[in-house]
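Here's a walk through a few helices and loops of the model below. Have the viewer open and follow along.

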There are 2 protein chains.
Amino acid sequence: MSEPVALSRRELARLITGIENGDAAALQRAKALHASAGGASIVGITGAPGTGKSTLVAALTKEARIRNRTVAILSIDPSSPFSGGAILGDRIRMRELSGDAGVFIRSMANRGAKGGLAHAAADVSAVLAAAGYHYIFLETVGAGQAEVDVARVADTVVVVEAPGMGDDVQAIKAGILEIADILVVNKADRDGADATVAALKAALELGEATSGHHGLSLPTAIHANDSSRRMPLIKTVATKGQGIAELLNAIEQHSTQMLQNAELRRQRAEAEIMLRLGQLLMAEGERRLDRDALLRWATACAAHEAHPDDAARDLLRSILPDTL
Amino acid sequence: MSEPVALSRRELARLITGIENGDAAALQRAKALHASAGGASIVGITGAPGTGKSTLVAALTKEARIRNRTVAILSIDPSSPFSGGAILGDRIRMRELSGDAGVFIRSMANRGAKGGLAHAAADVSAVLAAAGYHYIFLETVGAGQAEVDVARVADTVVVVEAPGMGDDVQAIKAGILEIADILVVNKADRDGADATVAALKAALELGEATSGHHGLSLPTAIHANDSSRRMPLIKTVATKGQGIAELLNAIEQHSTQMLQNAELRRQRAEAEIMLRLGQLLMAEGERRLDRDALLRWATACAAHEAHPDDAARDLLRSILPDTL
């Protein structure tokens, strides 16, 4: 474990804003700090709205503080154009934590950086790790592709479900289970908690039978728990602190495994590289795109005189001239 | 409006399976049918689990049949590895419709085709349009990036909300509102419906103030209702048929606008081309990737001896040699 770098809260806040804004000096500093970012546990916490993620993160933070560990909380909302300030609800929930010098809280949102939130989150996590925070909780909102990307930045991914989240069978998704290292059923004192646990167990078994069939963009296997698929499934009542110590133990255990397993660390690094590569490739493709040709093709397709697939293949050749 | 092509249900079903599987002959046939796909209304219906989307689609279908219009329903679940068969809940809800010769129902899921579900949905929609179905309802599950992509394939996007979907303020997202042409608050007889309507109106006003700040990958403006932002907001109780006629009227009106407005049709075509181009570019990038170099970089990054950003830039040069 590397020595933490001394950074005041104000310096940290300014550096994070710089990373969010894509400021070159801030990105350079983040890169330099990356070398000192080895010791922290970066924990992604994701799940649908209404599962009580924020309350769970607050409860985990309190438990970590009891164990004398420092905590940084990064709230990430890929769909919100607002940033810097936390969402009102979170602010209220987090207020009692924010007086504690061992806790750092920050929100990040999509400040116009195209698809760049996930790697901004990675850079900010590395900075927080370098500053010596023991746990870095990346709390994401929702369960779409952007959230999956953000979760890939984490060492340990906690997926939060809750009973009674709508009557759709689809509420429990193979896609989100695939990125999970630890499953939580929060609000476990509510009606239907056992049914949710049973549904998750069934989905996990199904997932084992069909794993490898989902394709995310430029996919790479990570969180390689496929071989030893005994994924922890923990019931919590975050508002009452129930199950929180057990959950933090499970996080600690997974995180230690990651730190000690060079192959898992390599896979995690590979996933982060691929995420960044995908974003660079899309940006470069957009830069090289022949916009006049796109306009001509779109006009022809709208009139049903051309097919969008032919259009896309032609435009791809203008980006990558040596494509078949 | 082009003449419909005679296709039996069995032919349709086989063709759709072929498209899902990426079968070359089926894709060729879909391309040929694209020229006859001009007359239908392709309507994306999206929203979180529990909002009652399936019931709403069933109610809209009944209303369309009363108006003597044919309907094809395509249920799309980007996160499910299962396909062909509908999810059980849908099956039950759809049963009473499925005896009707004027209704065609089909589920599509992610059958391993990497990120290809959105354009498979586009191809299938074109086939259904060519076969003469008047309304094509694309029902998507959830609200992540994949759902946004699928919704872009539609001419008209209906976003469904419901009261009491969790206590998070984040439940109502600027991101999903941005792709909406029509907003629905379903389950409008429940407590909190007026609060949901008020929250949506507030979010819409915020959206106007900040629009253009979100970036989806390779974005192109579509559904250009920014200039005339009087987006219909309709309250429904799908289980009782309330508000359904009004909703179908709004769909019909928007769809007619799209058919008559060449610029909107061009924008829609452009969005579909860009979607396909992004997928082709990612696939080509993956094909050209130097996997040995990726392994070396990932090992170095895992040891904190290199930064993932440098790794990604180096790998990008191996894909696009003339990149800076």
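At the start of H11(A), a side-chain oxygen of A:Asp290 comes to within 3.2 Å of the backbone nitrogen of A:Asp292. That is a polar contact, meaning a pair of N or O atoms within 3.5 Å; within protein, one must be able to donate a hydrogen and the other to accept it, and residues adjacent in sequence count only if both atoms are side-chain atoms. Helices (H or I, at least four residues) and strands (E, at least two) are DSSP runs, numbered from the N terminus.

A quick note on ground rules: this is a predicted model, where local features need pLDDT of at least 70 and side-chain atom pairs count only at pLDDT 80 or more, while totals for chains, interfaces and linings use all residues. Residues are numbered from 1 along each chain as its sequence is written, chains are lettered from A and ligands numbered from 1 in the order in which they are written, and side-chain values use heavy atoms, with hydrogens and water left out.

**H11(A) and its partner**

H11(A) has 12 residues and spans 16 Å from its first C-alpha to its last, close to the 16 Å expected at 1.5 Å a residue. The expected span is 1.5 Å times one less than the number of residues. In H11(A), the buried residues include A:Ala293, A:Leu294, A:Ala298 and A:Cys301. Buried means under 20% relative accessible area, exposed over 50%, and partly exposed in between (1.4 Å probe, protein chains only). What covers the buried residues of H11(A)? The cover includes H12 of chain A, together with helix H2 (24–34) and helix H10 (262–288) of chain B.

Helix H11 (residues 291–302) and helix H12 (residues 308–319) of chain A pack at an angle of about 170 degrees, with their axes 10 Å apart. Axes are lines fitted to C-alpha atoms, for helices over the stretch in contact, and angles run from 0 to 180 degrees between N-to-C directions. H11(A) and H12(A) are therefore roughly antiparallel. Angles under 35 degrees count as roughly parallel, over 145 as roughly antiparallel, 65 to 115 as roughly perpendicular and the rest as oblique.

On the H11(A) side, A:Ala293, A:Leu294, A:Trp297 and A:Cys301 meet A:Pro308, A:Asp310, A:Ala311, A:Asp314 and A:Leu315 of H12(A). Contact here means heavy atoms within 4.5 Å. The residues of this contact divide into 7 nonpolar, no polar and 2 charged. For those classes, Ala, Val, Leu, Ile, Met, Phe, Trp, Tyr, Cys and Pro count as nonpolar, Asp, Glu, Lys and Arg as charged, and the others, Gly among them, as polar.

Between the two helices, A:Ala306 lies in the loop from H11 to H12 of chain A. At 13% relative accessibility, A:Ala306 counts as buried. Leaving out residues up to four places away in sequence, A:Ala306 touches A:Trp297, A:Ala300, A:Cys301 and B:His34.

Helix H10 (residues 262–288) of chain A has 27 residues and reaches 38 Å from first C-alpha to last, close to the 39 Å expected at 1.5 Å a residue. H10(A) is mostly covered, with 22 of its 27 residues buried. At its start, a side-chain oxygen of A:Asn261 comes to within 3.0 Å of the backbone nitrogen of A:Glu263.

The axes of helix H9 (residues 244–260) of chain A and H10(A) come within 5 Å and cross at roughly 90 degrees. That makes H9(A) roughly perpendicular to H10(A). A:Met258, A:Leu259 and A:Gln260 of H9(A) make the contact with A:Ala262, A:Leu264, A:Arg265 and A:Arg268 of H10(A). By class, that contact has 4 nonpolar, 1 polar and 2 charged residues.

**Loops and positive phi**

Most residues other than glycine have a negative phi.

| Residue | Phi |
|---|---|
| A:Lys187 | near 55 degrees |
| B:Asn68 | near 65 degrees |
| A:His304 | near 60 degrees |

A:Lys187 sits in the loop between strand S6 (182–185) and helix H8 (193–210) of chain A and is buried, with a relative accessible area of 15%. B:Asn68 is in the loop between helix H3 (53–66) and strand S2 (71–77) of chain B and counts as exposed at 67% relative accessibility. A:His304 follows H11(A).

Is B:Asn186 buried or exposed? At 2% relative accessibility, B:Asn186 counts as buried. A polar atom of its side chain lies 3.0 Å from the backbone nitrogen of B:Ala238.
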